[in-house]
Amino acid sequence: MPAAGALARPDAPLWLAGLLLAAGLEAGLACIAVAPKANAQGNPPLVSIVVMPVPLVNGSPFLLTVKLAGKASALKATWIGRQILFFPGKSDGAAETWYALAGVDVETAPGSYPLDIEATTAAGVILHTTRPLQVAAAHYHTAALKVAENFVAPDALTQKQIAEDQAVKDRTFAHSANQPEWSGDFAKPVQAQATDSFGTRRTFNGKLASIHRGMDFRAPSGTPVAAANSGSVILARKLFYEGNCVVIDHGQGFMTIYMHLSRVDVTEGAGVGKGQRLGLSGATGRVTGLHLHFAARWQGAYVDPAGLFALRLTGRP
Ligand SMILES: [Zn+2]
């Protein structure tokens with residue numbers, strides 16, 4: 001481990017000096033470019049940070065691409081209290097490109113948040129820089145729903161089950177693979193129409209308020225549900241609210257969740273490929289009718305599946 005003191009060195013390399021905002025370099029991308037200036041220690045200067053998509057809104061999943069002019073042994077960042085883990089892509093001579101899939105929680109307030117990037121050089125020197133990342137306001141809907149009373153005012157026995165479910169989910173979400181298990185674009189899990197419902201503020205029977213943290217597909221009963229990307233099945237069981245539920249870990253804190261299935265065809269611990277059948281859609285758990293609820297989660301932040309399907313990840317490692 002490099003000395004923590006390296007972070008606070010007064011002679012910290014000026015690898016990030018002269019940050020320029022080079023807007024419109026590529027459609028839909030924000031590129032923050034710097035002149036590749038090597039420093040005396042031979043540390044890797046940061047060439048650019050590209051954020052996709054632009055603008056970010058509360059609920060956006062996003063891809064960060066960081067180009068370094070030299071080699072690094074590790075790259076990570078912190079943003080709004082969450083750690084972003086990068087993985088290395090192609091090495092082009094001395095230059096290196098690192099990627100991270102991350103997200104803005106649906107409940108994040110619009111504003112400017114510092115992205116604190118930390119690179120560890122091959123020699124173990126830690127380099128630091130901070131850039132502001134803007135979050136604009138998304139415009140989501142509101143809705144009033146009716147469900148069976150026990151889903152709003154659960155009895156004592158049901159409350160016990162809900163608490164047990166919560167413990168299972170907490171354990172499930174606590175671990176994620178260190179390396180990305182996804183590959184290429186995320187695909188829709190069913191061939192069915194989706195409702196524009198992510199981020200909707202909802203009341204149930206006029207009482208309970210919550211934010212809809214996923215996308216609902218109007219899938220007829222028995223529609224095959226497929227993995228949106230490759231990964232590992234970390235949960236496959238029946239829960240009170242979610243019904244028959246599958247959670248796939250795609251690595252580095254990124255997960256997708258499939259709810260209300262009539263049948264589950266995978267087991268916890270199994271690896272799955274993109275498009276592999278996880279089960280059949282249904283109406284189990286807290287539902288107002290037949291549908292597939294699909295959610296995408298990054299380190300506890302829920303992000304808009306529509307944004308995830310729109311991210312162009314093919315061709316990246
Ligand atoms: Zn839903």
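1. In which strand is the place of Arg277? In this predicted model, Arg277 belongs to strand β22, which covers residues 277–280.

2. The surroundings of Arg277 can be described through its neighbour count and its contacts. Arg277 is partly exposed, because 14 other C-beta atoms lie within 10 Å, and a residue counts as partly exposed when that number falls between the limit of 12 or fewer for exposed and that of 20 or more for buried. Once the neighbours within four places in sequence are set aside, Arg277 is in contact with Pro224, Val225, Ala226 and Asp265.

3. The largest nonpolar core holds 70 residues, and Val66, Val246 and Tyr258 are the ones that touch the most other members. Strand β19, residues 254–261, supplies the largest share of this core with 6 residues, while domain 1 (4–136) and domain 2 (142–310) each contribute at least three residues.

4. Val246 deserves a separate look. Apart from its neighbours within four places in sequence, Val246 is in contact with Val233, Leu235, Ala236, Tyr258, Leu261, Val264, Val266, Leu278 and Gly279, and Tyr258 in this list is itself named with Val246 among the core residues that touch the most other members.

5. Helix α1 comprises the 18 residues 156–173, and from its first C-alpha to its last it reaches 26 Å, close to the 26 Å expected at 1.5 Å a residue. The number of buried residues among the 18 of α1 is 0, so the helix lies largely in the open.

Note on methods
Residues are numbered from 1 along each chain as its sequence is written. This is a predicted model: local features need pLDDT of at least 70, side-chain atom pairs count only at pLDDT 80 or more; totals for chains, interfaces and linings use all residues. A nonpolar core is a set of buried Ala, Val, Leu, Ile, Met, Phe, Trp, Tyr and Cys residues joined through C-beta atoms within 7 Å. Helices (H or I, at least four residues) and strands (E, at least two) are DSSP runs, numbered from the N terminus. Domain bounds come from an automatic or database domain assignment. Two residues are in contact if their C-beta atoms, placed from the backbone, lie within 7 Å. The expected span of a helix is 1.5 Å times one less than its number of residues.
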